[in-house]
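Welcome, and thanks for taking a look at this one with me.

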Amino acid sequence: MAERTALIVGASRGLGLGLVEELAARGWTVIATRRAPGTASGLTALAENSNGKVRIETLDLEESGQIDALAERLSGEMLDLLFVNAGISLGRIKAGAATREDVARLFVTNAVAPIHVAEAFLGRMRDGTGVIAMMSSGLGSVSNNFRGGADLYSASKAALNKLTRGFAAGLGDRRLTVLSISPGWVRTDMGGPNAMLSVQDSCKGVVNVVEAKAGTMAHGFYGHDGAAVGW
């Protein structure tokens with residue numbers, strides 16, 4: 001199999017780090033971003049023991065200039081996968097209780113910045129087999145929302161889904177697969193200790209979805225198990 005290269009944005013810990021581990025184990029070359037130098041000790045250790053298969057870049061999604069700077073630094077790379085694992089949460093705070101500044105930061109980080117990344121790296125994606133994937137959430141499904149809760153976070157992921165769909169619709173002649181993926185309820189800092197899935201099991205499923213959908217030139221919203229999720 002030809003060498004495949006992935007860029008994972010937001011790989012310091014949790015699902016992002018799990019994706020780097022799973023892809024590297026499958027033979028991918030992985031470029032992984034952390035928010036600031038000197039952070040992400042787990043990612044650093046993984047890179048140091050990867051025989052050059054994993055390397056680290058710095059990217060703070062809240063700084064738009066850093067997105068374009070990273071795209072410039074990686075201008076010589078051809079990517080088979082761009083996976084944006086962006087996500088912050090305001091917890092279960094009610095919409096009316098959140099400050100405008102907090103809401104703006106939430107939506108920029110979770111919805112707007114990932115599309116900026118996709119646009120910045122569009123020219124580096126491999127035509128035909130390239131995949132752009134966004135880490136969404138089952139909470140971002142409007143049709144499946146019967147319980148409420150975490151409404152601002154949910155709305156930011158629904159906004160990401162909408163913007164991703166618009167991005168895919170505007171690709172024109174570019175032959176790329178664009179995926180919105182829900183990782184399931186995972187035992188991370190955000191998902192909590194009672195969640196159903198380990199990071200490893202979720203990421204194994206997510207990478208299975210990416211590899212199965214590569215080359216289909218489709219856009220869809222899928223769970224870690226490959227099942228379609230309602231918009």
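Arg105 is partly exposed, with a relative accessible area of 35%. Please keep in mind that the model is predicted. Arg105 forms a salt bridge with Glu62, and the closest N and O atoms of the two are 2.8 Å apart. This pair links distant parts of the chain: Arg105 belongs to helix 4 (residues 100–121), while Glu62 sits in the loop between strand 3 and helix 3, 43 residues apart.

Glu62 has another partner to look at. Arg35 also forms a salt bridge with Glu62, here with the closest N and O atoms 3.0 Å apart. Arg35 lies in the loop between strand 2 (29–34) and helix 2 and Glu62 in the loop between strand 3 and helix 3 (64–73), so the pair ties together parts that are 27 residues apart in sequence. Glu62 is partly exposed at a relative accessible area of 30%, and Arg35 is partly exposed at 45%.

How many salt bridges does the count come to? The count comes to 11 salt bridges.

| Pair | Closest N and O atoms |
|---|---|
| Arg105 and Glu62 | 2.8 Å |
| Arg35 and Glu62 | 3.0 Å |
| Arg4 and Glu211 | 3.1 Å |

Now for the last pair in the table. Arg4 forms a salt bridge with Glu211. The two residues come from distant parts of the chain, with Arg4 in the segment before strand 1 (5–9) and Glu211 in helix 6, 207 residues apart. Is Arg4 buried or exposed? Arg4 counts as buried, because its relative accessibility is 17% and the cut-off for buried is under 20%. Glu211, at 29% relative accessibility, counts as partly exposed.

Leu163 is found in helix 5 (residues 151–169), and is partly exposed with a relative accessible area of 38%.

Finally, two backbone details. Most residues other than glycine have a negative phi. Which phi does Asn51 have? Asn51 has a positive phi of about 55 degrees, although it is not a glycine. Asn51 lies in the loop between helix 2 (41–48) and strand 3 (54–58). Asn51 counts as exposed, because its relative accessibility is 79% and exposed means over 50%.

Met217 likewise has a positive phi of about 55 degrees without being a glycine. Met217 is located in the loop between helix 6 (199–213) and strand 7 (219–223). With a relative accessible area of 36%, Met217 is partly exposed.

How values were computed. Residues are numbered from 1 along each chain as its sequence is written. This is a predicted model: local features need pLDDT of at least 70, side-chain atom pairs count only at pLDDT 80 or more; totals for chains, interfaces and linings use all residues. Side-chain values use heavy atoms; hydrogens and water are left out. Helices (H or I, at least four residues) and strands (E, at least two) are DSSP runs, numbered from the N terminus. Buried means under 20% relative accessible area, exposed over 50%, partly exposed in between (1.4 Å probe, protein chains only). A salt bridge is a side-chain nitrogen of Lys or Arg within 4 Å of a carboxyl oxygen of Asp or Glu.
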